[in-house]
Structure formats: structure tokens, C-alpha cells
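Colleague: Please take a close look at one part for me, the pairing of charged side chains. Then go on from there to the parts it leads to.

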Amino acid sequence: MLHAVVWFLWASNVEGQQAIIYGTISDSKNTPVEFANIAVAGFPVATKTDSVGKYTLQIPADTVLKIVVTSIGFEKQIFTVKLTSGQSILRNFKLESTAIVLPAAQVTTDVRNDPTLQALSPKLLKSLANPSSNFESLLKSTMAVVSNNELSSDYSVRGGSFDENLVYVNDVQIYRPFLIRSGQQEGLSFVNGSMVESVSFSAGGFEACYGDKLASVLDVKYRKPRRQFGGSASASLLGGDVMLEGTNKQKSFSYILGLRHKSSKYLLRSIETKGDYLPSATDLQAYLTYQINPKTEIAFLGSYNENKYLVVPSNRETEFGTVNDALRFTVYFEGQEVDRYQTGTGAFTLTHRVDSFYKIKFIASAYSTLESETFDILGQYFIDQLENDLGSSEFGDVAFNRGIGSFLQHARNSLEAQVYSFEHKGYLSSNTDKFYLQYGVRYQREYIDDRLSEWTYIDSAGFSIPNPFDNQIVLQDVIKSKNTLASDRISGYIQNTTKLGLQQNFKLNYGIRSSYWSLNKDIIFSPRFSASFAPNNFKRLLFKFATGWYYQPPFYREMRRLDGTLNTNLKAQNALHFVLGSEYTFIGLGKEFKLTAEAYYKDLNDMVPYKIDNLRLRYHGNNNSNGYAYGLDLRLNGELLPGAESWLSIGYLQSKEDINNDFYYNYYNKSGTKIIPGYTFDNVATDSVFIEPGLIPRPTDQRLTVSLFFQDYLPRNPSFKVNLSLIYGTGLPFGPPGNDRYKDVFRYPDYRRVDIGFSKVFIDEDVVKKYRYKLFNHLKHCSLSLEVLNLLQVNNTVSYLWVKDVTGRIYAIPNYLTARQLNVRLNIAF
């Protein structure tokens with residue numbers, strides 16, 4: 001209603017001062033393009049083409065305007081115009097199909113027909129209010145992606161773990177640090193959003209050209225600059241970044257450089273553990289290209305990332321429980337934690353076009369990480385019962401003490417790893433675009449040196465009271481190990497994409513990949529198939545299907561058991577994927593929307609069970625689990641206002657597993673009451689019952705997720721913008737400390753988070769304007785944003801600390817994530 005009133009006032013003011021542009025929009029084959037969007041940059045003026053591609057647009061007269069023409073699957077076109085009052089002009093447009101950059105080749109196709117990949121707009125990252133500043137924040141509100149930690153770039157896809165996601169940047173596989181166990185320790189993820197040109201994401205059923213993982217693929221392409229010089233910069237209370245790009249005069253050499261710095265000190269002030277936090281992360285990246293001749297190009301991708309985390313905790317106070325049983329947990333700390341993570345990635349790429357239809361590529365890459373984690377943290381805690389009588393003057397104060405104790409956490413962990421690889425890829429297409437053949441061969445060498453020394457000492461009732469007979473002190477969670485691992489991997493794939501039908505509206509992709517690992521001598525074969533179909537008489541509807549048998553050979557983390565030893569005979573986890581989906585484009589409320597629906601099923605075999613402690617995945621190290629995951633994902637997206645895309649995603653998931661030889665006993669006393677230590681008075685067992693847990697929820701079994709991203713601006717002044725992101729997810733499974741997965745039957749509280757951002761655009765490249773100060777005329781963009789993080793001040797739980805009182809009662813003390821914070825961000829581009 002507000003938009004309607006403002007639009008009416010604006011239209012009334014300009015009546016009699018308008019001009020008209022009309023015409024037809026078609027594709028390269030002169031086929032009319034329906035639902036193409038024609039908008040005026042900087043003005044609330046837009047229209048759509050009809051079923052035969054025709055449009056009519058009224059625009060303000062006597063003003064220099066930029067007209068923007070866009071349509072899903074086509075390149076954007078922009079032209080400048082200035083018309084006098086009452087003038088009408090004819091302007092026809094011929095749109096070129098989007099060029100999706102596949103590995104080492106460009107294949108002209110319609111992105112709507114890709115059955116597995118979803119295209120994301122990297123520009124949205126600059127307007128998204130998020131505390132991590134990582135590129136992966138853009139994924140967390142999209143379909144099929146789940147993350148319950150705003151401090152981390154880790155994410156789960158359709159029941160998979162963090163380790164089941166593939167990430168590529170310009171065809172180079174990206175790795176992440178091994179030792180990070182919490183979001184506070186995490187710095188910057190690899191992907192630099194300022195350098196990104198395109199993003200494709202698959203939540204399952206992806207093609208054979210992508211590697212051996214079970215859950216998803218994030219395929220990122222860094223930009224190849226086309227102008228001689230340019231750049232961007234941003235600064236906020238959480239850090240900043242600078243990007244420079246350019247080419248030489250001959251356009252044979254191009255460069256794009258990115259420098260980022262992040263400090264979460266301001267953000268960590270809002271968590272309950274108080275102290276001196278000194279987190280710092282710095283990342284330097286470069287992507288260089290040189291055109292040797294018209295057929296040959298060489299490129300280099302390099303990155304160095306250093307992340308430091310220092311904390312000296314002082315105290316913590318957490319209130320938990322219920323109104324009738326309110327408790328307070330107070331801790332006083334001594335000691336400190338010092339962590340450091342240094343990673344480097346370098347890759348050279350040589351691309352050569354043999355002829356018009358055949359292209360080859362060679363990639364040599366290296367990855368190195370040096371990580372250390374050291375801490376000695378002593379905590380002395382008090383568990384107090386709070387007064388719960390609403391009529392008492394002491395309501396909320398401590399009524400009595402339920403227990404005291406202390407804990408000491410110690411670690412001296414270090415890890416060094418190198419991964420070297422050499423890869424050859426080939427791409428063969430036909431002159432009629434009837435097929436597109438791809439193949440690849442890859443050799444990889446790995447070296448890992450891991451030193452683990454960590455333990456926890458808890459001195460409270462029932463834990464570590466010295467034994468009166470031998471005076472021993474018992475430590476918990478003891479891991480002492482030294483592991484060195486060197487191995488080789490060989491993998492390859494071949495796949496073909498073909499189009500069928502008179503209008504080539506039926507698309508098939510089929511292929512197979514295989515790999516061999518020298519450590520366990522395991523050879524695997526992974527066939528994959530996908531198809532999409534757009535009915536001839538209903539082009540707004542697309543059906544798609546994908547299936548395949550996916551394998552994930554173990555990397556170092558899966559091989560390491562809970563006690564730190566390695567299982568070098570571990571086999572590849574595998575899953576049979578089925579994905580059935582559709583996309584429907586329609587007009588509603590005068591706007592174009594797209595509804596995407598995907599149903600999926602995964603049959604999981606030879607899985608390696610694991611437990612999640614914050615961000616740390618602790619694997620059992622054995623292929624002793626089988627299970628399944630199935631669900632439904634829905635996504636509705638569109639532009640409620642021109643140039644402001646919004647979307648709503650809803651997902652349902654169920655994922656369970658059955659661990660082999662998993663059992664326990666329930667014990668009963670003479671009265672037939674089940675014995676629960678700390679809760680039953682008579683703990684003398686007279687009977688027992690053998691229990692096999694069977695299917696239990698997997699650690700990522702989040703049943704319902706809802707995410708919303710909404711953008712808006714003032715119709716009369718589009719430079720004032722607002723964006724809102726909302727994420728809701730039902731609780732994940734968790735359980736008490738220990739190795740038994742069947743005890744993980746509790747659920748975290750639901751995750752709820754709302755972030756909102758307000759921005760003012762001072763300079764917009766799409767608006768033709770001259771400024772008094774010449775410096776501003778050299779800027780393409782300038783905006784200032786105010787972000788309110790965790791708008792609703794929700795205490796989201798990320799993990800639990802387990803303690804006992806003198807009665808033996810066990811308490812799970814919640815560890816909360818960040819509270820409400822404000823952030824200010826300045827963005828410029830030149």
C-alpha cells in the first residue's frame with residue numbers, strides 16, 4: 001500500500017513530463033523473449049515484455065537516463081537515453097544467452113536448463129548484513145544449505161557434514177584448516193567476494209567433472225578484468241578489504257588483487273565468556289592471466305592466509321533452566337589460549353585451444369597449511385539455585401549453592417600438511433551444439449604430520465576425586481598421538497552433454513569418474529546422470545532429474561579415531577543420490593517470480609559416524625554405519641522492486657543412521673525402577689535389558705529450515721535501501737560427552753536469527769550525474785550501511801559444557817553465540 005501511494009504521488013508530479021520507449025526484445029535466433037525486464041536505473045520505473053516480446057515504457061523526460069534490460073538466462077544490456085517531453089522512440093533489443101564458464105571452456109546455454117547447478121549473484125554479498133564477512137554467508141539463506149553458527153563459514157547440505165562439500169575457485173580445489181574447533185577461532189574463508197565474477201552451486205546430483213564428495217559443489221570463478229584499472233574497498237567495525245584490477249593496453253595481461261583483514265574482537269564482546277580477545281585474520285590473493293597468443297593463455301591463482309586467535313578469559317555467568325528451576329553457572333578463569341593457522345595455495349593453469357571445437361587445460365597446484373593450537377585454561381565454577389518465588393523481594397537472586405568444582409583444559413596440538421596435484425582436462429564440442437564432451441585426469445600427492453596432546457581434568461563430584469587407595473587422578477578426553485601420513489591418489493572422469501528434440505529442449509548429461517588411493521588400494525567408480533526438459537508449449541516450466549552413485553574417499557580427518565590413532569584401511573563412504581525437481585516462472589502482482597522445488601533421497605553406505613563439538617568433527621574412524629537422508633526443498637525468488645531480488649526458502653529433512661554392533665544395557669533395581677545415576681535412590685541393579693538403538697538421528701538431522709532474504713528501497717529515492725535476512729532451523733541432535741552416538745537423542749533449542757541492514761547509496765554507476773568535487777566523478781559506487789546483527793537478541797546455543805553437583809546430577813550448560821551488535825560499513829568502487 002505504501003508503495004502504491006508513493007508511486008501515485010511520483011506519477012502525478014511528472015505527468016506531462018514523460019516520454020515513451022517501445023519495441024521488441026528477442027534472442028539471438030529472433031525468438032521473442034517473454035518476461036524480460038526493462039527498468040530505469042535510479043527510478044521506480046519498469047515494465048515486462050508480453051508473450052510476443054513487446055514492451056512499452058514511460059520514462060521521465062528531459063533527463064539523462066540509463067535503461068537496463070535483463071532476463072533470466074541472458075546477458076544484461078544497458079543504454080543511455082534523453083528524450084524530450086512527449087517524444088516516443090522505437091528501440092528493439094537482441095539478447096545474448098548467458099555464457100556459463102565451464103572448466104576451461106565457454107558453452108553458450110540457458111542457465112535454466114542446467115539440471116544441477118544454481119546460479120548465485122555475488123553482488124548480493126555487499127548488501128547482505130552478516131557478522132562473518134565470509135562469502136559463504138550468501139549460501140546460508142539459499143535452498144538446501146544449513147548453518148547454525150554465524151561466526152563460521154562451515155555449512156551443511158541436505159544432511160551432509162561440513163567435510164562433504166566441494167569448493168572450487170577457477171577449477172582449483174580449495175581446502176580448509178584441520179584443527180579449528182569453534183567459530184571464534186575461525187578467520188577468513190578462502191573465497192574473496194570482491195574478486196568473484198560468477199557462482200554456481202549444486203546441492204546434489206552434480207556432474208562427473210566435479211570431484212569425490214557426497215553433499216555439494218560450490219564452483220566459483222574469479223573475474224578476468226576488462227578495463228585498464230579499477231578497484232573497490234570496504235571498511236567496517238569487523239575489518240575491511242581492498243581490491244585492485246586492471247589490464248595492459250594490449251589486453252594480453254590482466255590482474256586482480258585482493259587484500260582482506262578481519263577482527264572479531266568487537267563481535268566477541270557480546271558472548272558470555274568475558275576476557276581479552278585478540279583475533280586477527282589477514283588474507284592476500286592474486287589472480288593473473290597472460291594471453292601468449294590467440295589460442296594459448298597462462299594463469300596463476302595464489303593465496304596466503306594467516307589467522308591468529310589469542311584469548312585470556314576472565315569470567316563467565318550463564319543463567320539456564322526453567323522458571324521453576326532457574327540456575328546460574330558462574331566461572332572464574334585463569335590461563336590463555338593461543339592458536340595460529342597459516343595456509344597457502346598456488347596454482348598455474350595453461351589453457352590452449354587446439355581448434356574451434358577442442359580445448360585443453362593443464363593445472364598444477366599446491367596447498368600448504370601449518371596449524372598450532374595451545375591452551376591451558378583453568379576454570380573454577382559455581383552452580384547456584386535462583387529464587388523462583390515471584391512474590392519474593394529476592395526473586396532472581398541466589399537461593400543456595402548446588403555445587404562447586406573446577407576444570408582444567410590443556411592442549412599442545414600441531415599439524416602440518418601439503419597437497420600437490422597435477423591435472424589435465426579436455427573439452428570437445430560440435431559445430432551444431434549437439435554434444436559437449438569433457439574428460440580429465442588428476443594426480444595428487446599428500447603429506448600430513450599431526451601431533452596431538454590434549455586432555456581435560458574435571459574436579460567435581462563423580463569425576464576426578466583422587467582414589468584413596470592409589471591416589472590417582474583421572475583425566476578425561478585424553479588424546480596423545482603422533483601421526484605421519486604420505487599417500488598418492490589418481491582420479492579421472494569422462495562425461496558428455498547432449499541436447500535432443502527439434503528445439504533442443506531436452507538435455508542429457510551422463511558420465512563416470514574413477515579414483516585410486518595408494519594407502520588402502522581402493523578403486524572406486526562413480527556413474528552420474530542428469531536430465532532436464534522444458535515443454536515446447538510451456539517454456540516457463542522446467543523439469544529436471546539427477547542420479548548417481550557418489551563416493552568420498554577418506555581424507556585425514558575421517559581416518560583419525562576418537563583416541564587419535566589412524567585407520568589406514570578406511571574405505572570410501574558412498575551414497576546413491578536421487579534428485580527430482582522443477583522450476584516454474586510466473587507473473588504475480590505484476591512481477592516475475594520463479595518457484596523451484598526439489599525432492600531428494602540419499603541411500604548412505606559405509607559411512608563413518610562422527611560427533612560434532614561446536615565446529616569440530618570427531619570421527620569414529622570406521623565404516624560401521626548405514627543410513628539415509630530424504631527431504632524436500634522449496635524456493636521462491638523474484639524482484640519485488642526492479643534490481644532488488646528477494647527470496648524465501650523452506651526445507652524439510654530427515655537423516656538417520658544405524659551403527660553396526662551398537663548396543664547398551666538398561667539396569668533396574670529390585671523395585672523394577674530404571675537406574676539413572678544421580679536421580680534414583682536405590683542404584684543396586686538386580687536386572688538388565690539388552691538394547692539395540694537401531695536407527696538414530698545423524699548429527700545434521702535438522703528437520704525444518706526456513707530462510708528469508710528481502711530487499712527494498714524507497715520508490716521516490718532508490719538510494720535508500722534496506723535488506724533483511726532471517727534464518728530459522730529446528731534443533732540439531734546432541735548428547736553427553738563420550739563416544740556413544742546412541743546417547744545423542746537430545747535436541748538443541750531452535751536456531752533463530754534476524755539481521756537487518758540499512759544503506760544509503762551516494763554514488764551509483766547506473767545513475768548519470770556530475771559532482772562538484774572531481775574526486776567523486778572517478779568513483780563508480782559509494783555507499784554507507786548500518787547493520788543490526790541478531791536484531792531480536794536471541795541466545796542461540798552452539799554447544800554445551802557438562803558438569804555435576806554433589807548429588808551426582810548432571811548439568812548441560814549452554815554455550816551461546818553472539819548477542820545483538822551494531823556494525824557500520826563503507827563501500828566504494830572506482
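Modeller: A salt bridge is counted when a side-chain nitrogen of Lys or Arg lies within 4 Å of a carboxyl oxygen of Asp or Glu. Side chains of opposite charge can pair when their charged atoms come close. The model is a predicted one, in which local features need pLDDT of at least 70, side-chain atom pairs count only at pLDDT 80 or more, and totals for chains, interfaces and linings use all residues. Residues are numbered from 1 along each chain as its sequence is written, and side-chain values use heavy atoms, with hydrogens and water left out.

By this rule there are 39 salt bridges. One of them joins E245 and R227, with N to O at 3.0 Å. E245 sits in strand β19 (residues 239-247), while R227 is in the loop between β17 (216-222) and β18 (229-236), so the pair links parts of the chain 18 residues apart. Strands are DSSP runs of E with at least two residues, and helices are runs of H or I with at least four; both are numbered from the N terminus. E245 is buried because its relative accessible area is 5%, and R227 is partly exposed at 27%. Here buried means under 20% relative accessible area, exposed means over 50%, and partly exposed is in between, with a 1.4 Å probe and protein chains only.

A second salt bridge, at 3.2 Å from N to O, is made by D154 and R176. D154 lies in the loop between β12 (145-146) and β13 (156-157), and R176 in the loop between β15 (172-173) and β16 (196-202), so this pair ties together parts 22 residues apart in sequence. D154 counts as buried because its relative accessible area is 8%, whereas R176, at 27%, is partly exposed.

K221 and D219 also form a salt bridge, their closest N and O atoms being 3.7 Å apart. Both K221 and D219 are buried. Elsewhere, R158, K544, E583, K594, E598 and D633 are linked in a network of salt bridges.

Strands β18 and β48 run antiparallel and are joined by five bridges; two strands pair if DSSP finds at least two bridges between them. S232 has A829 in β48 as its bridge partner. On its other pairing, β48 runs antiparallel to strand β45 (residues 781-789), with nine bridges, and L784 stands opposite L826.

In a regular strand the side chains alternate between the two faces of the sheet.

N37 is in strand β2 (residues 37-40), and N37 is buried because its relative accessible area is 8%. Not counting residues up to four places away in sequence, N37 touches A46, T47, K48, V68, V69, T70 and E639, where contact means heavy atoms within 4.5 Å.
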